[in-house]
Amino acid sequence: MPRTAPTARQRRLGTELRKMREHAGMNVAQAAQQLGVDRTRISNTEAGRFGVSEERVRALAAIYSCGDKAYVDALVDMALERVQGWWAEYRGKLSASALDLAELEHHAVSMRTVQTMHMPGLLQTEDYAKAVFATAVPEPTDVQLRRRLSHRLKRRDVLDRDDPPPCRFIIHEAALRVAFGGPKIALGQLEHMLEASERDNVTVRVIPFSAGGFPNAGSSVLYTSGPVHQLDTVQLDTPAGVMFLDGETHLANYRRILDRTEELALTPEATRDLIHAVAQRL
């Protein structure tokens, strides 16, 4: 049966199959004829509305003359996913983009993020996250606040699993000094981040005020790496909602933005010293 609301990951699989077809110079009708199906089957598969089997992914790769085995194998792994993740329990209770973000983080091979005014979601304490959510417009109801908070805290589990992805958190000094919830909560947040920075899979670096301007300074960005570079994804928070980007040019541009930003950040050791100094003033 067709999906009424495919997830971002399901749509991404379809997008990659479309890219593969277009790279081969085939239109939908030609691909359908080669595969022996109706053209709507190709269109619906590329839109993520229809699932696709391992055999069909490999058949399409052969038709499109795609010889990148690692890429095709990664697409097959996506196609074979049938078990819903923990975020499915929030379907219909939170926005689809919140669920898509949790799924993106769950499947990431590695992550790198730049945050300018907030602590990264994966490093937020319960009190800090609650204080941040309380500033939302419109103000969330008590039920909405509890759901958003439980979802935010559950996302942190990705750092505690047996095979956690390496994560590089780049945070502007401004985020250290904006005391959401007041000094006590802000202090607890800084102490929690210092503890997290000791994890083997976590690197925390701060961009100090003294660094001046930096690329994309007005926005926060999350870059997640897939099992192959073609499956990397950029996630942006915008006033209009969450945005996911996966075009080759977008990915290349944001890799460069993150590289240049990271060059301006303090070392992990100097970062911990600065966090300690900010905490002592609270």
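The following legends describe close-up views of a predicted model.

View 1. Six strands make up an open sheet of mixed pairing, arranged in the order β3-β2-β1-β4-β5-β6. Strands β3 and β6 (241-245) lie at the edges with a single partner strand each, so one side of each has no neighbour in the sheet. From one strand to the next the twist averages 15 degrees. Helix α6 (residues 96-107) packs on this sheet and touches β1, β4, β5 and β6. The direction of α6 makes about 40 degrees with that of β6.

View 2. Strands of a sheet pair through backbone hydrogen bonds, in either the parallel or the antiparallel sense. Strands β1 and β2 are parallel and share 5 bridges; within this pair, arginine 112 has arginine 168 of β2 as its bridge partner. Strand β1 (residues 110-115) also pairs with β4, here in the antiparallel sense and over 5 bridges. Methionine 111 stands opposite threonine 224 of β4.

**View 3. Strand β4 and its surroundings.** Strand β4 (residues 221-225) has 5 of its 5 residues buried, so the strand is largely enclosed by the rest of the structure. Both of its faces are covered: Val221, Tyr223 and Ser225 are buried on one side, and Leu222 and Thr224 are buried on the other. Strand β5 (residues 233-238) runs antiparallel to β4 and is joined to it by 4 bridges. In β5, threonine 233 is the bridge partner of threonine 224.

**View 4. The nonpolar cores.** The largest nonpolar core contains 29 residues, and those with the most contacts inside it are Phe169, Ile171, Leu176, Leu190 and Met193. Two or more residues are given to this core by each of α7 (126-133), β2 (167-172), α9 (173-177), α10 (183-196), β3 (202-207) and α12 (268-280). Leaving aside residues up to four places away in sequence, isoleucine 171 touches Gln115, Met119, Pro120, Leu176, Met193, Val204, Arg205, Val206 and Ile207. A second, separate core has 24 residues, including Leu17, Ala32, Tyr64 and Met78.

**View 5. The packing of helices α7 and α8.** Two packed helices are described by the angle between their axes and the distance between the axes. For α7 and helix α8 (residues 142-155), the angle is about 135 degrees and the axes are 10 Å apart. The two helices, α7 and α8, are therefore oblique to each other, and α7 passes α8 in a right-handed crossing. In the contact, Glu126, Ala129, Lys130 and Phe133 of α7 meet Leu145, Arg148, Leu149, Arg152 and Leu153 of α8.

**View 6. Leucine 153 in helix α8.** Leucine 153 belongs to helix α8. With a relative accessibility of 19%, leucine 153 counts as buried because the cut-off for burial is under 20%. Leucine 153 touches Gln124, Thr125 and Glu126, when residues up to four places away in sequence are not counted. The C-alpha atoms of leucine 153 and leucine 123 are separated by 9.2 Å, while these two residues are 30 residues apart along the chain.

**View 7. The crossing of helices α1 and α3.** The axes of helix α1 (residues 8-23) and helix α3 (residues 39-46) come within 7 Å and cross at roughly 125 degrees. This angle makes α1 oblique to α3. The contact is formed by Arg11, Gly14, Thr15, Leu17, Arg18 and Arg21 of α1 together with Ile42, Thr45 and Glu46 of α3.

Definitions and conventions
Residues numbered from 1 in each chain as written. Predicted model: local features only at pLDDT ≥ 70, side-chain atom pairs only at ≥ 80, totals over all residues. Heavy atoms only, no water. Buried < 20%, exposed > 50% of the residue type's maximum accessible area, 1.4 Å probe, protein only. Pairing = 2+ DSSP bridges. Core = buried A, V, L, I, M, F, W, Y, C linked by side-chain atoms within 4.5 Å. Contact = heavy atoms within 4.5 Å. Axes fitted to C-alpha atoms, helices over the stretch in contact; angles between N-to-C directions. Parallel < 35°, antiparallel > 145°, perpendicular 65-115°, else oblique. Left-handed = near helix turned anticlockwise from the far one by under 90°.
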